[in-house]
Amino acid sequence: MEVKIEDSWKNSLNEIFQADFFKELTHFVKQEYQSNQVFPPGKEIFNAFWHCPLPAVKVVILGQDPYHGINQAHGLSFSVKPGIPFPPSLLNIFKEIKRDLGLDMPPNGDLTRWADQGVFLLNATLTVRANQAGSHQNRGWETFTDEVIKCINRDRSGVVFMLWGAYAQKKADLIDPVKHLVLKAPHPSPLSAHRGFLGCGHFSKANAYLKQNQQTPIFW
């Protein structure tokens, strides 16, 4: 697995790519792709980084694991390719956007249009074995993505971090709440969305903060 990653990220994360843990992770992931069905496709592992260079990051939405069904994951947290039915969490995200901003349901669940506007859609783990949720956890990806969050925290200012659910909220320790806006809510999954995700208003809050900081708001 040769790391093909956009230059601004490559420069900021160069030391991490040289670290022993990342070399071990690379070895593990290569073997997994050779011997199992793994998602997303190899060339899409770093999709979030390609579409949203470090200087362009305005909003970070943290997920945990890529989708583990066929043709779902494509390297952007919560996103699915056109033609794939909305997973339940994504459906609740769109419901909250409609409630919060009055925007109709989009024709598909491909969030590349968000990524291209500066929404960094980062999963804590970037790969997963087919039909085995969490199968690539605790192999080094979380160490890597924690470094990515630290990098954004350090090198950027005025970024909105949306932390949904207990897992994402643990990452708040890596973020300076004076320098950035940290928004917390329950996870949008059907198990917890009604405990406060639906009604959280994160999308309007993010846009208000971006405007306040002389940045173009996101068209959600």
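Start with the cavities: this structure holds 2 of them at 30 Å³ or more. A cavity here is a set of points, on a 1 Å grid over the protein atoms alone, where a 1.4 Å probe fits but cannot get out. Volume is the space filled by probe spheres set on those points, which are joined across faces, edges and corners. You're looking at a predicted model, where local features need pLDDT of at least 70, side-chain atom pairs count only at pLDDT 80 or more, and totals for chains, interfaces and linings use all residues. Residues are numbered from 1 along each chain as its sequence is written, and side-chain values use heavy atoms, with hydrogens and water left out.

**Stop one: the largest cavity**

Helices (H or I, at least four residues) and strands (E, at least two) are DSSP runs numbered from the N terminus. Strand β3 makes the largest contribution, with 3 residues.

**Stop two: the second largest cavity**

Next, pick Leu62, Gly63, Leu122, Ala124, Thr145, Asp146, Ile149, Tyr167, Ala168 and Lys171, which line the second largest cavity. Two or more residues each come from β2 (59-63), α7 (141-155) and α8 (165-169). Helix α7 has the largest share, 3 residues. The space inside is about 40 Å³.

Terms used: On a 1 Å grid over the protein atoms alone, a cavity is a set of points where a 1.4 Å probe fits but cannot get out, and a pocket is an open set with protein on both sides within 12 Å along at least five of seven lines; lining residues have an atom within 4 Å of a point.
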